[in-house]
Structures are given as C-alpha cells and as structure tokens.
Amino acid sequence: MAQELTGLSPELERLRRQLDEVDTRIVEELAARQRLVEEVGQLKSSGDDELRDSSREEAMLGRLAAHGRGAGLDGFFVTRLFRDIIDHSIRRQQEHLLNRENPKRSQARVLSVAFQGTEQATGHLAAQRHFGSRELQAIYRGFETLPAMLDAVKSQRADYALLPIENTTAGSINEAYDLLAQMNLAVVGEEVEKIDTTDTEDAHDTYTRFLVVSATPVRCDLRIPCKTSLLFSVRHEEGALLRALNVFATHSLNLTKLESRPRPASPWEYVFYVDFEGNVADPDVEVALTELAAHTVFLKVFGCYPARTTRESRVAEAPSPIVTSEPLAAPAPPSASIVEMLEKKPYRLASRAGRAEDTTIQVGHVLVGGTRPIVIAGPCGVESRDQIFACARIAKELGADMLRGGCFKPRTSPYAFQGMGYEGLDLLEEAGRSVGLPVVTEVLHPADVERVARQANVLQIGARNMQNFALLKEIGRVDRPVMLKRGLMASIDEWLSAAEHIMSQGNQQVILCERGIRTFETATRNTLDLTAIPVVRERTHLPVIVDPSHACGVWRWVTPMAEAALASGAQGVMVEIHPDPSKALSDGPQALSFPVFTELMKRLARQAAAR
Ligand code: PEP
Ligand code: MN
C-alpha cells in the first residue's frame, strides 16, 4: 500500500522511518542540552564566573572531533556543528545577564521588531538571528524605508529596529549614519548577516552589519564582550581630531570603526562616528569618555551592546597545533657592515637596510611572518570537487592555516594535465570557504591576475615565472598577498630583485618561498637550499617559507625537510597532499597521503613545543 502511494520500496520506507526517529532524538537531546545551559546561565548570572572559557571550548571541540572520528564521522563536520551549538549557548547566557541588569527587558510581552525590506530580506534574517535567542516571542515587520522603520521605534509602534549600517563590500551606509544622529535612538545590539550572493558577479562573502536600535539603552554586565557606539564633532582647529582619537589610544580602547559625515549646517565641518570595544559601565571607559568630551564640541553616546564581530565573541577556532611558546627568532637588527653591503644591492624596498623589523602579512585571519610558523597544504593541482574538499577538510582538521591548489599548471610537457582553470578556481575557493581557510593558487598569465585575485587570497608566482617581468608588474598592481617562489636557477639576490619588481609597483605584500634549486644532484628533484633561509632573513624583512615537496620530489623526505625548514628560521612550510597520491594527476610521487600528513603535523607541533 505504502509502495503504491509513494512509489518507495518497503526497505526505503523503513530506513526513512528510522532516520526520522534519530532526528527526533537529536532534537530532544539538543533541548536537554539547552536546559543544562539555562541552569549554567542562572548560576553564572548570580555569580561572577566568566561567561566564556575559550580553553574549555577548544578542548571540548577537540574531544568531540576525535570522538566523532572514532565513530566514523568527519571531525570537521562535528566541530562546525558544535561551534554553532556553543554560539547559541553563549547568546542564551548573555541574555540572562542582560535581563538581570535590565529587568524591564524581559517583562513578558510579544516583541515587535522592525526591519527594512520584504520578508526574507537580509534585515529580516538578521532580526530573526538576533531575536531567536530571546525567550520572548517576536513579531517581525518590514518597512519600505529606513526613516519609516525608525519612526516606528520612535513612536513606540515597534520595540526594536535593525538598521543596516555597513556592508563589507560597499562600505558604510551614509543614510543610516545620518538617521542615527537625527533620530535620537539608543543602540542596544549589533548583528551580522551574510548576503546571498549566488548569481551576482562578486565571489567574495559579503556581510551586512546591522545596529539594533531601541528607544532606551541597555546596561551590559562587564563579563559580556561589548562595543560602544558614539558620535562626536571637534572644533575646527589644527590637530583637534588627532587629540580626540588619542584618548582611545591612551586608554587602550580598540576602535573597530571610524566614519566621518558632513556636520549639518556647518560646511566643511564633520561629525565622526566611532565604534570601540568597551563597556560604558567599565570605570576606565568612563574616564576615557570624560576626557574625550573635553576634546569635542559635541559628544553623543548611542549605547553599549554585546559585540558580534570581535574576536572574543567569535567561537574559538580549532587552534593550530604548531604554537611556539617562544616567538620565532627574529634576526638581530642589521649591523653597520650588513647595512653597507645591503645598500649596494639592486633592491631597496625589499631590503632590510630600509626596514629593520620583520614584515608580517595578513591573509584573512592568518598572519604570515608573525610569531607562529604557518602551514599551507593542498594538492599540486585541483582535480575534482571531492579531491579538493577532502584536502580542505583534513587541512582544517589538522590545524593547517591555508589551502593550496593549482588551477593553471605550468607543466614541462604540453601533454600533461594542465589544470582545471577557472572551474578549478571556483572549486578551490568554495572548498577553502567551506572550512574557513584562505586559498593560495598560481597565476600564470598577466591577463589572469585581476580575475584570479578576486577569488584567491594569495597569488602564487611559480618558480618558472620568477623573472616573468610582465607578470610581476601586473601582480604588483593588485592589493593581494603574493607568494613568490624562487626560480630554479635564481640566486638569492635575483630572487629579491624579483620581489622588488612587485613592490615597486605598489604591492608590498610579498611572501618568499624557497622550493629547491637545480644542482648537479639528481637523486632529489631539486636541491633544497636551506642555507638561503638565514641569508634571506638577513637581507630582507619579507617573510620566507619553504616548500619541501617540490624540492624533494619524493614524499618520504618531505617531513624531515619541513622540520629542518622551521629549524632554519623559515616562517612556514607549504606541502602537497592528496587523498590518493597514486592517482594524482600531477606530482603524485611527492604528495603526502593523509596519514603521512597527520604525522607531519604532529611532528611540527612537537618540534614547536620543544623550542
Ligand atoms: C607549485 O607549487 O604548484 C609549483 C608548480 O611549484 P614550483 O613553481 O615551485 O615548481
Ligand atoms: Mn606540484
């Protein structure tokens, strides 16, 4: 009967029924977890225990991922799921604290929340996310314009409104800032919502940040990581703005946003909007605001609210296993004789003579050249969706920092696999994004630079292109970190001169990569020149990493050379991995299988811990 109606076999029916049962149990267990979280929340709101213990969170995520793996699940999937669960718990606990400080806030009544746009517009989704963790039921209402929406709050027809204030692609929304100043409403929260960009041209994630406004401000418990939003204007005097901003610096208050808008009715004068990390209930912040007032002609604090964009409020990332207790040794400042030697070199911008301190390069959330060495891992070439996603997952799970994958392959033979081109780049970008890792890929042709830069976080210049000056020039014109590999036959100074070509066009974000050079030795694919590392670190301030894969050509030697690279002072390593090296379309013999890559990561972690 069931089969006749649904066309499904009894076996499938039975399995689906079992699935439904499992899903119901999952929901029930989540509800049981939430009840425990509520109890913890009650305890914390009456005591002064910290709201968030990131080392406990990290340990818990690690334990659950390992347990998941043991039970046949993908560890990354388990981690991602539990990050969402933890985030929700933290929001619930913040709710308890906010309600305790602001008793009126929880007095039972249905909340009315205004947003701009139609149902399912970004504002509506942000509102649902924001108020979803409140115990009170909320009714959402869309308004055609921002003034109409804010007017509803002003006239008490709505309790809250979500004011879109900035967009990660288009920047600040001027109208919203101007309205904020005019309407005299309080800011009581913020929310960040990703915009659905499938079908638009732009491949980058775009987020809109909303301020949650209400008629009255809230007080926030000091344990909630908070932001404060304010507006000020200064006298039309030399240095007035600098003196005002200095107040934040002297009180170590981190500014997260600074925006200027014309001051109404005062041509060529401006009002400044500032968001900073801090709580107005903190006595230090109070002192800072009093000092700030003395430097302004007008100061208005819009409110203080739980932050959604600060690092503390983000769920802890799985930590990289390669954490050194001691920062990587930076070379001593160059002596007079080294400076004299460097001044004769054909490179200036790249030279340590011009900049004594190490340069660090920010790639997404990863810092290259900082106190911790980085690991880049991925296949030689992107070959399929399954292959690159499998590499992305293992790289993330083991704590690597970036995902690599060639889409345009420079091959010695014209008959060899040349890469998947832009189709591969789409997959690489999607795989990196799905696990939260920045991606590195090689660009072969000047005409491709701009397009590849839209999707890749780091542009790689391969060994064979180190002196392709047209390519260097084009890459020098984009604002994207570059990884410049050492040419097969290039001297250290030629390599640094190639970096200078890029930097002289404006782009200073060059990461050097030693990948072995041609010598008489044929037992290895190339000869890894680790002597170059201390030499390069003496001659340039740019970070330098090592690719042992292309140097060795054989997977068995990659791990010891990766360890040797970090011991020599390299600021990271890049290795090739593959789910099944025997089936790789390029460079299979040097690719690490996942178990070997796991062992490599363990060894690097042990090496770092022993430092
Ligand atoms: C690569 O890293 O994909 C590559 C082709 O390396 P190299 O340019 O060092 O040969
Ligand atoms: Mn390769």
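**View 1. The surroundings of ligand 1 in the predicted model.** A polar side-chain atom of R404 is placed 2.7 Å from an oxygen atom of ligand 1. For both Q460 and R464, the distance from a polar side-chain atom to an oxygen atom of ligand 1 is 2.8 Å. Ligand 1 taken alone exposes 290 Å², and the protein buries 97% of that area; accessible areas come from the Shrake-Rupley method with a 1.4 Å probe, and for residues only the protein chains shown count as cover. The residues around the ligand, meaning those with a heavy atom within 4 Å of it, are R404, K409, E442, Q460, G462, A463, R464, K485, R515, H550 and M574. This shell divides into 2 nonpolar, 3 polar and 6 charged residues, where Ala, Val, Leu, Ile, Met, Phe, Trp, Tyr, Cys and Pro count as nonpolar, Asp, Glu, Lys and Arg as charged, and the others, Gly among them, as polar.

The model is predicted: local features need pLDDT of at least 70, side-chain atom pairs count only at pLDDT 80 or more, and totals for chains, interfaces and linings use all residues. Residues are numbered from 1 along each chain as its sequence is written, chains are lettered from A and ligands numbered from 1 in the order in which they are written, and side-chain values use heavy atoms, without hydrogens and water.

**View 2. Helix α12 and its packing partners.** G436, with a positive phi near 80 degrees, follows the helix.

**View 3. K257 in strand β8.** K257 lies in β8 (residues 255–262) and is buried, at 13% relative accessible area. Its side chain forms a polar contact of 3.2 Å with that of E259. Beyond neighbours within four places in sequence, K257 touches E166, S172, Y177, Y273, V274 and D275. A polar contact is a pair of N or O atoms within 3.5 Å; within protein, one must be able to donate a hydrogen and the other to accept it, and residues adjacent in sequence count only if both atoms are side-chain atoms.

Terms used. Helices (H or I, at least four residues) and strands (E, at least two) are DSSP runs, numbered from the N terminus. Buried means under 20% relative accessible area, exposed over 50%, partly exposed in between (1.4 Å probe, protein chains only). Contact means heavy atoms within 4.5 Å.
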